[in-house]
Amino acid sequence: MVNVVVAYQDHFLRRLMKVAVGTQPEAVEIEEGTVINFWLPTTTATKNHLPPLVFLHGFGFNGILTWQFQIPAFSRSHSVYVPDLLFFGGSFTQNPRRSPAFMAECLAKGLRKLGVERGCTVVGFSYGGIVAFKMAEMFPEMVRAVVVTGSGMEFTRSVSRSGLERLGYGSWAECLVPDTVEGMQKLLEIAAYKQLPLPARVVKDAWEALIEHRKERAELLEEMVIEDHNFKVHPYTQHLFIHPLLINCFFPSLLIVLRCRLLKGKATLQSIEKAGHLVQMERPWVFNGHLKKFLDSLNDK
């Protein structure tokens with residue numbers, strides 16, 4: 001039986017991105033045994049010297065599914081790059097490292113091989129936001145600005161523990177890569193502002209796509225959490241734009257705001273009402289409007 005989620009991605013989104021938007025997939029070998037799949041601009045778009053814009057997805061969906069409403073909106077004004085993070089889409093590694101730092105390192109190497117050396121704005125959602133901050137920390141010459149939504153700089157042990165207790169889970173793997181269809185339905189209910197009217201067949205197919213590489217994805221989640229004493233605010237040189245969200249089930253919004261204040265004026269905060277964790281999919285036009293304003297503001301700096 002055909003998986004409708006995979007079919008939607010393969011037959012509609014892929015054609016849309018190639019034909020209408022002008023992006024194409026390319027598998028980039030980072031090192032021996034490590035490959036990251038990128039959706040990247042066509043040669044024509046790249047020659048126009050548009051500023052690079054990188055979208056990083058979180059858990060649940062791969063790159064083009066997560067950012068399907070943003071890629072068409074920004075492809076005319078920017079050179080848009082959408083990688084599938086390791087163990088999502090066509091990306092994989094034989095390297096045992098699973099940390100956000102390793103993910104950031106792989107993405108930076110991949111972008112360099114694609115000719116992107118500097119001036120990137122990196123947009124990260126959820127786990128992708130953590131990786132975006134790590135890229136800014138490790139590769140300041142490459143990353144000009146960071147935009148994150150539903151995320152924070154680091155995921156500390158105390159934040160992790162309180163989040164799991166609040167949601168009623170024993171681990172983030174249990175929550176974000178559930179082992180049952182019912183767990184997938186619960187995850188969607190938690191992440192969305194309003195319950196999504198999805199048919200049971202779609203939920204089942206989304207779950208089947210999600211649990212691919214479940215072991216490796218669980219390892220990514222384990223390495224995402226750091227001990228509280230290891231948390232420190234990096235002296236970012238980039239422009240930062242952060243959506244803490246009014247309702248955030250995974251990162252407490254108040255904590256995000258308080259930590260961003262430690263950045264001493266470097267971060268701009270913006271909340272979107274009537275949106276949950278999946279804000280870029282639930283209210284894409286509002287999200288895109290805020291992102292456009294931020295990107296336009298970079299031209300004045």
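A crossing of two helices is called left-handed if the near helix is turned anticlockwise from the far one by less than a right angle, and right-handed if the turn is clockwise. In this predicted model, local features need a pLDDT of at least 70 and side-chain atom pairs count only at pLDDT 80 or more, while totals for chains, interfaces and linings use all residues. Residues are numbered from 1 along each chain as its sequence is written, and side-chain values use heavy atoms, with hydrogens and water left out. The chain's secondary structure comes to 14 helices and 11 strands, where helices (H or I, at least four residues) and strands (E, at least two) are DSSP runs numbered from the N terminus.

**The chain as a whole**

- The chain has 301 residues, of which 56% count as buried; buried means under 20% relative accessible area, exposed means over 50%, and partly exposed lies in between (1.4 Å probe, protein chains only).
- The accessible surface of the chain comes to about 13600 Å², and carbon and sulfur atoms account for 54% of this surface; such areas come from the Shrake-Rupley method with a 1.4 Å probe, and for residues only the protein chains shown count as cover.
- Among the contacts between residues at least 6 apart in sequence, 74% join residues at least 24 apart, a contact being a pair with heavy atoms within 4.5 Å.

**Helix 5 against helix 6**

- Two packed helices are described by the angle between their axes and by the distance between the axes.
- Helix 5 and helix 6 pack at an angle of about 70°, and their axes are 8 Å apart; the axes are lines fitted to C-alpha atoms, for helices over the stretch in contact, and the angles run from 0 to 180 degrees between N-to-C directions.
- This angle makes helix 5 roughly perpendicular to helix 6, given that angles under 35 degrees count as roughly parallel, over 145 as roughly antiparallel, 65 to 115 as roughly perpendicular and the rest as oblique.
- The crossing of helix 5 and helix 6 is right-handed.
- On the side of helix 5, the contact is made by Pro100, Ala101, Met103, Ala104, Glu105, Leu107, Ala108 and Leu111, and on the side of helix 6 by Tyr127, Ile130, Val131, Lys134, Met135 and Met138.
- Lys134 of helix 6 counts as buried at 14% relative accessibility, and, leaving aside neighbours within four places in sequence, Lys134 is in contact with Pro100, Ala101, Ala104 and Glu154.

**Salt bridges**

- A search of the whole structure finds 9 salt bridges, each being a side-chain nitrogen of Lys or Arg within 4 Å of a carboxyl oxygen of Asp or Glu.
- Arg112 forms a salt bridge with Glu141, and the closest N and O atoms of this pair are 2.7 Å apart.
- Arg112 lies in helix 5 (residues 100–113) and Glu141 in the loop between helix 6 (127–138) and strand 7 (143–149), so the pair ties together parts that are 29 residues apart in sequence.
- Both partners count as partly exposed, with Arg112 at 31% relative accessibility and Glu141 at 33%.
- Lys134 also takes part in a salt bridge with Glu137 (3.6 Å, N to O), and these two residues lie 3 residues apart in helix 6, which is about one turn of the helix.
- Glu137 is partly exposed, with a relative accessible area of 27%.
- Lys215 and Glu219 meet through their side chains in a salt bridge (2.7 Å, N to O), and they are 4 residues apart in helix 11 (residues 214–224), a separation of about one helical turn.
- Lys215 is exposed, with a relative accessible area of 56%, whereas Glu219 is among the buried residues of helix 11.
- Arg97, Glu105 and Lys109 are linked in a network of salt bridges.

- Thr23 is placed in strand 1 (residues 23–31) and is buried, with a relative accessible area of 5%.
- Apart from neighbours within four places in sequence, Thr23 is in contact with Met17, Lys18, Trp39, Leu40, Thr42, Ile71 and Ser75.
- Val233 is placed in the loop between strand 9 and strand 10 (239–243) and counts as partly exposed at 28% relative accessibility.
- Val233 and Met153 are 80 residues apart in sequence and 8.0 Å apart in space, C-alpha to C-alpha.
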